[in-house]
Structure formats: structure tokens, C-alpha cells
Amino acid sequence: MFEEIYSPVQKINLAPFNNLFVKRDDLIDPYISGNKWRKLKHILTKAKTENKTHLVTFGGAYSNHLVATAAAAARTGFTSTAFVRGEEVKNEMLLLCHLFGMKLIFVDRESYRDKNLLFEKHFSDDADAYFIDEGGASPEAIIGCAEIIDELTTTYDHVFCAAGTGTTAAGLLAGIQKHHLKTKLHIIPVLKGGSFIADEIANYVALSQHLQLHLDYHFGGYAKTTDKFISFIKDFIASTGLLVDPVYTAKMFFAIIDLQKQGVIKKEEKILAIHTGGLLGMFGMKDKF
Ligand SMILES: *Cc1c(COP(=O)(O)O)cnc(C)c1O
């Protein structure tokens, strides 16, 4: 049902690193981007197996997951609906969702909290409807994200990845354990107070020595930023030619550079940064640049 995944590993020229590589999951697809495709792949397969034809999911107004679900649905013959958190708004992300044929239902923050109830209320008599949790969190998503490690043709001392819910991190940890690698997995939660990520990962995979969380690179939280961080991002993009976004991947690269300065990682060690895509999310902060 799906085409082969295109996600090359490329070397980044960034002093003082000698062996810094990036797995370009952002190149998988401009809309079904990065880890969102990794997560959706097996979810959609399961929905097809169960003869479902209508994907129902949840997200904020700048959610990469909504655009990814809308595009993936349209490409693979599903219809789609999303519950969008908050007041009705228009923006670039929701325009894309709309163009891909997704029906948008805006719900207040209070009702949004109980996703199962929303699904029941609107779709209990729709036998074709298939529930996909916010961000695609599910056992199928873990399998899809573990495949990132399956694709590697060499071993790395360190793998870095940004985390929102921790689903992608759980998949990467599962992959590292499955292949019995010595690789350290460094996870950068983008939310403030990101230690909950460890519990989230533990829901799916046994925690192990491989995992290291770095809680101090959130820059104020999910949709927050600072002037200093914005100038870091501009410099990084202009000097590497690699586009990163202020919500996720830029925080990961900042952490890599900072941890090298602190001596936690060495410049000659082999490092792989997972570019989880999601570049359209940049529109949510366009006024900051
Ligand atoms: C959604 C997203 C993440 C977070 O993934 P989780 O599995 O929720 O931790 C990371 N990076 C990008 C670019 C994303 O869009």
C-alpha cells in the first residue's frame, strides 16, 4: 500500500564535529513529514485490515500530525476528520488539511480533553470510523519508529531526537534494544518539565541504560521561544543549509552543540541526529523571525 521510504543519512559540516550525520526523515514527504509518517504507516495498515475507511484524529491548530493525517488519508483512499483544539481559526496548516479533504471540527479546550468521549459522541454510529490518538500515539507507531534504526547501515555512538509525547523516542529505544546496539539515545523533550517522557516511553518499552533525557533545552516550552534561540536557528540554517524548526529539531541541534561543549559527547564520536521533519510548523512562529 505504501511506497518505499526515502530517508538518506547525510553528513553535516559543522565545526567542531567530525562525524555528525543527520537522518533526513524530513525528506520522506513534505506533508506526511518525518516521524508523523513513521507513526501513521502501520496505523493506516491496521485501519485498512479492519475495513475502516474514515480516519478520525485530534490536534492543535498548528499540528504537524493533522496535516500528515490529512495527506496520508487522501493518498491512500481514506476520508478524514480532525477535532481541532480551540476556537475556529484559519492558518497555513489548516488550509493544507482542508485541501487534502479533511473535515475540521473545532472544540473548546475542555471538551478536547476527553478524546474518547468526542469520538463516541460524533462517530458511535459510524462503523467506518477509525480512532487515531493525538500525535498518532499507539503500539503501531512504536513499530514504525523502530524502523528508523532498522534502516541504519552503520552504528553510531549517539542518536539524538526531539520529543513531544515520547512515542518516537520509545520506537527508537525499541530499535536500539532489538539490534543489541551500544548506541546512546539522547532525547530532547520540547515541553517544559519533560521528565514525564520517561513514563511515556516505559508504557511501551523497558527503560534501559541506552536512554538519556536532556530536560533543559525546551526554551520555555512547546510554543515558546527566545530571541537568542531564534538567532541560533538563523545561524544554524544559513551555515549548514539544513532547515530546522523552532518547536522541535532546532532544540535537538542546540542540545548536540551544547553537550559537546560540556564534554558529554566528543567531537570525533559518531553522532546521528534524527530530522523528524515538521518544517511547516515554522508557520506557527513566522512573526518571530
Ligand atoms: C510531532 C513531532 C515530534 C514529536 O514526536 P513524539 O513522538 O510526539 O515525541 C518531533 N519532531 C517533529 C518535527 C514533530 O513534528
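1. Terms first. Buried means under 20% relative accessible area, exposed means over 50%, and partly exposed lies in between, with a 1.4 Å probe and protein chains only. Lys-23 counts as buried, at 2% relative accessibility.

2. Basis of the model. This is a predicted model, in which local features need pLDDT of at least 70, side-chain atom pairs count only at pLDDT 80 or more, and totals for chains, interfaces and linings use all residues. Residues are numbered from 1 along each chain as its sequence is written, and side-chain values use heavy atoms, with hydrogens and water left out.

3. Salt bridges. Side chains of opposite charge can pair when their charged atoms come close. Here a salt bridge is a side-chain nitrogen of Lys or Arg within 4 Å of a carboxyl oxygen of Asp or Glu. The count by this rule is 13 salt bridges.

4. Lys-23 and Glu-151. These two form a salt bridge, with the closest N and O atoms 2.9 Å apart. The pair links distant parts of the chain, 128 residues apart. Lys-23 sits in strand E2 (residues 20–24), and Glu-151 in the loop between helix H6 (139–150) and strand E7 (158–163). Helices (H or I, at least four residues) and strands (E, at least two) are DSSP runs, numbered from the N terminus. Glu-151 is partly exposed, at 32% relative accessibility.

5. Around Lys-46. Which residue forms a salt bridge with Lys-46 at 3.6 Å? That partner is Glu-50. Glu-50 is partly exposed, with a relative accessible area of 38%. Lys-46 is also partly exposed, at 32%.

6. A second partner. The side chains of Lys-46 and Glu-140 meet in a salt bridge at 4.0 Å, N to O. Lys-46 lies in helix H1 (residues 34–49) and Glu-140 in helix H6, so the pair ties together parts that are 94 residues apart in sequence. Glu-140 counts as buried, at 17% relative accessibility.

7. Four strands make an open sheet in the order E5-E4-E3-E6, with parallel pairing. Two strands pair if DSSP finds at least two bridges between them. Strand E5 (103–107) and strand E6 (129–131) are the edge strands, and each pairs on one side only. From one strand to the next, the twist averages 25 degrees.

8. E4 against E5. Strand E4 (residues 79–85) pairs with E5 in the parallel sense over five bridges. Val-84 stands opposite Phe-106 in E5.

Conventions: Axes are lines fitted to C-alpha atoms, for helices over the stretch in contact, and angles run from 0 to 180 degrees between N-to-C directions.
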